[in-house]
Amino acid sequence: GPEPADVQAILRFANSSTATITYSTGGNARYQKETLDVAAGGRSARLDNFTRATLWSGRRRTSIKSPRNSDKGQRDQVAQFVEACRTSAPMPIGLDCLIATTRATLAVGESLASGKPVRV
């Protein structure tokens, strides 16, 4: 059948932490395209569009804003990759992380197709 336009995946990790990934196409075009929320140890953090990070800890709130034309770290990733290839240094993202990400992505597709949770 057709691919779903909106997807929400809940990932449960071996250490009991969870992640919820939401891909939504129905929101307002002016809202942040990408957000990341993290909570642990009594602290909360939010990253908006890879340009503004806010951390709430105790009674304090701290925000950091990056330059207006942020490239999401892509330029630095490419530079690190090229340098690792040139010098035979370790890759900036390890093969085990790349494999785990790919397996999780494929499991989300399998879960969408079957309607059942998939163990990775």
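1. Strands S5 and S6 run antiparallel and are joined by six bridges. Strands here are DSSP runs of E with at least two residues, helices are runs of H or I with at least four, and both are numbered from the N terminus. Two strands count as paired if DSSP finds at least two bridges between them. Across this pair, Trp 56 stands opposite Arg 61 in S6. The hairpin of S5 and S6 has two residues between the strands, and Gly 58 takes a positive phi near 60° there.

2. A word on the source: this is a predicted model, in which local features need pLDDT of at least 70, side-chain atom pairs count only at pLDDT 80 or more, and totals for chains, interfaces and linings use all residues. Residues are numbered from 1 along each chain as its sequence is written, and side-chain values use heavy atoms, with hydrogens and water left out.

3. Strand S4 (residues 43-48) and strand S5 (residues 52-57) also run antiparallel, again with six bridges between them. Ser 44 stands opposite Trp 56 in S5, and Arg 46 stands opposite Thr 54 in S5. In the hairpin of S4 and S5, three residues lie between the strands, and Asn 49 has a positive phi near 50°.

4. These pairs belong to an open, antiparallel sheet of four strands, in the order S3-S4-S5-S6. Strand S3 (35-40) and strand S6 (60-65) are its edges, since each pairs on one side only. From one strand to the next the twist averages 10°, where axes are lines fitted to C-alpha atoms (for helices, over the stretch in contact) and angles run from 0 to 180 degrees between N-to-C directions. In general, strands of a sheet pair through backbone hydrogen bonds.

5. The protein chain has two helices and six strands, in the sequence pattern β-β-β-β-β-β-α-α. Its radius of gyration is 18 Å, well over the 14 Å that the globule rule gives for 120 residues, so the chain is more spread out than a compact globule. The radius is taken over C-alpha atoms, and the rule is 2.2 Å times the number of residues to the power 0.38. Along the principal axes, the C-alpha atoms fill a box of roughly 45 × 40 × 35 Å. Buried residues (under 20% relative accessible area, with a 1.4 Å probe and protein chains only) make up 5% of the 120 residues.

6. The largest pocket has a volume of about 1100 Å³. A pocket is an open set of points on a 1 Å grid over the protein atoms alone, with protein on both sides within 12 Å along at least five of seven lines; lining residues have an atom within 4 Å of a point. Of the 26 lining residues, Ile 10, Leu 11, Arg 12, Ala 104 and Val 120 are the closest to the centre. Strand S1 (7-12), strand S2 (18-23) and helix H2 (95-114) each supply at least two lining residues, and H2 gives the largest share, nine residues. The lining divides into 18 nonpolar, four polar and four charged residues.

7. The second largest pocket has a volume of about 890 Å³. It is lined by 24 residues, and Thr 22, Tyr 23, Lys 33, Glu 34 and Thr 35 lie nearest its centre. S2, S3 and S4 are the elements that give two or more residues to this lining, with the largest share, six residues, coming from S2.

Methods:
1 Å grid on protein atoms, 1.4 Å probe; cavity = no way out; pocket = protein on both sides within 12 Å on 5 of 7 lines; lining within 4 Å. Points joined across faces, edges and corners; volume = space filled by probe spheres on them. Nonpolar A, V, L, I, M, F, W, Y, C, P; charged D, E, K, R; others polar. Buried < 20%, exposed > 50% of the residue type's maximum accessible area, 1.4 Å probe, protein only.
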